[in-house]
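Please read it with the sequence and the coordinates at hand.

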Amino acid sequence: MEALAASAVPLTGGYQGQTFAVTAGGEDAVLKLYVKDPERAVVDAALLQLVRGLLPVPRVLDLKREGSYDDPPYLLMERLPGVNLEVYLQTAGPDERRRVGTQLGELLARLSGMPFLTAGQFRGGELTVEPFGSADLAEYSAGLGLRYGGLDEVFAQAEDLLDSAGSRFCLVHSDFNPKNLLVDPENAQITGLIDWEFSHAGSPYADLGNLLRFETDPVLAGAVLSALRGSGVGLAEPLVELSRAADLWALLDLAARATENPITAAAAALVDRIADTREVSGGRPELDVVH
């Protein structure tokens with residue numbers, strides 16, 4: 001651990017952990033220290049083992065299960081090839097965006113096809129599911145200190161819509177967006193889905209909602225939706241509205257964070273628009289274009 005830390009280069013991303021690029025045994029690797037949530041190290045390691053071969057995730061090279069604040073638990077993983085998808089999409093043409101969107105839809109379908117009996121947080125290396133509390137959206141929003149006129153009406157509509165779609169639960173990455181995806185710029189092939197620290201068992205529409213939260217490109221979104229609809233995983237319609245309803249919990253959490261950055265500021269502005277329009281779309285584009 002000391003030898004790794006001596007050559008560590010900080011990486012962006014990660015909330016519960018501190019992440020560094022290192023070299024381990026002559027191999028490029030990623031070292032994640034679990035200072036804020038020590039118990040999460042074993043959960044992340046188990047999740048990576050669970051989905052490896054089904055999703056493009058790194059191999060686990062080493063795991064330290066226990067530790068202290070000064071010597072925290074850690075997870076050592078291979079460093080996957082590719083560039084950040086958020087950066088890649090800034091210059092990608094329509095064909096590349098469509099190809100990437102199709103792959104994103106396929107990844108979402110695989111996540112949706114990994115079932116759990118109930119929704120909740122993962123605990124321990126066995127991925128035991130600890131059920132969430134019973135608070136509805138209005139109670140959850142109030143608990144975060146968010147009180148907007150007009151939101152209660154939106155919350156009721158969103159919960160009714162999700163109830164109508166059934167109560168199936170699946171593996172949710174919970175931060176499924178371009179900043180946590182890697183792509184090979186030579187062939188537009190997705191090479192990695194990283195940062196699993198918020199993953200849990202939950203709604204099959206939540207990751208799609210995260211992906212489309214701030215999306216404005218109908219080419220990318222249309223390809224995602226087309227791939228999902230053709231996947232056979234049995235998602236209900238209207239798919240975009242369901243995804244935005246399922247994303248409300250995460251969106252509210254972002255909007256309530258005290259430390260403002262461009263993402264939390266955008267989340268707060270979107271919640272404002274949702275309250276003003278009294279619609280879960282908050283004036284966002286439909287994006288429901290099938291390619």
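1. The model under review is a predicted one. The largest cavity holds about 70 Å³ of space.

2. The lining. The residues that line the largest cavity include Leu108, Leu111, Ser112, Cys170, Leu171, Ser203 and Asp207. Two or more lining residues come from each of α4 (94-112), β10 (169-172) and α7 (206-212). Sorted by class, the lining comprises nine nonpolar, two polar and one charged residues.

3. Arginine 97. Helix α4 also contains arginine 97. Is this arginine 97 buried or exposed? Its relative accessible area is 18%, and arginine 97 is therefore classed as buried, the cut-off being under 20%. Apart from neighbours within four places in sequence, arginine 97 is in contact with Leu89, Ala92, Asp217, Val219 and Leu220.

4. The open sheet. Five strands make up an open sheet, arranged in the order β1-β2-β3-β5-β4 with antiparallel pairing. Its edge strands are β1 (9-10) and β4 (60-64), each of which pairs on one side only. Helix α2 (residues 40-51) packs on this sheet and touches β4 and β5 (74-78); the direction of α2 makes about 155° with that of β4. Within the sheet, strand β2 (residues 18-24) and strand β3 (residues 27-33) run antiparallel and are joined by seven bridges.

5. Backbone geometry. As background, most residues other than glycine have a negative phi, and most peptide bonds are trans. Which peptide bond is cis? The bond from glutamate 237 to proline 238 is cis, with omega near 0°. Proline 238 belongs to the loop between α8 (218-229) and α9 (239-246).

6. Positive phi values. Alanine 188 is not a glycine, yet has a positive phi of about 60°. This alanine 188 sits in the loop between β11 (181-184) and β12 (189-193), and is buried at a relative accessible area of 3%. Aspartate 195, likewise not a glycine, has a positive phi of about 55°. The loop between β12 and β13 (200-202) contains aspartate 195, which counts as buried at 16% relative accessibility.

How values were computed. Residues are numbered from 1 along each chain as its sequence is written. This is a predicted model: local features need pLDDT of at least 70, side-chain atom pairs count only at pLDDT 80 or more; totals for chains, interfaces and linings use all residues. Side-chain values use heavy atoms; hydrogens and water are left out. On a 1 Å grid over the protein atoms alone, a cavity is a set of points where a 1.4 Å probe fits but cannot get out, and a pocket is an open set with protein on both sides within 12 Å along at least five of seven lines; lining residues have an atom within 4 Å of a point. Grid points are joined across faces, edges and corners, and a volume is the space filled by probe spheres set on the points. Helices (H or I, at least four residues) and strands (E, at least two) are DSSP runs, numbered from the N terminus. Ala, Val, Leu, Ile, Met, Phe, Trp, Tyr, Cys and Pro count as nonpolar, Asp, Glu, Lys and Arg as charged, and the others, Gly among them, as polar. Buried means under 20% relative accessible area, exposed over 50%, partly exposed in between (1.4 Å probe, protein chains only). Contact means heavy atoms within 4.5 Å. Two strands pair if DSSP finds at least two bridges between them. Axes are lines fitted to C-alpha atoms, for helices over the stretch in contact, and angles run from 0 to 180 degrees between N-to-C directions.
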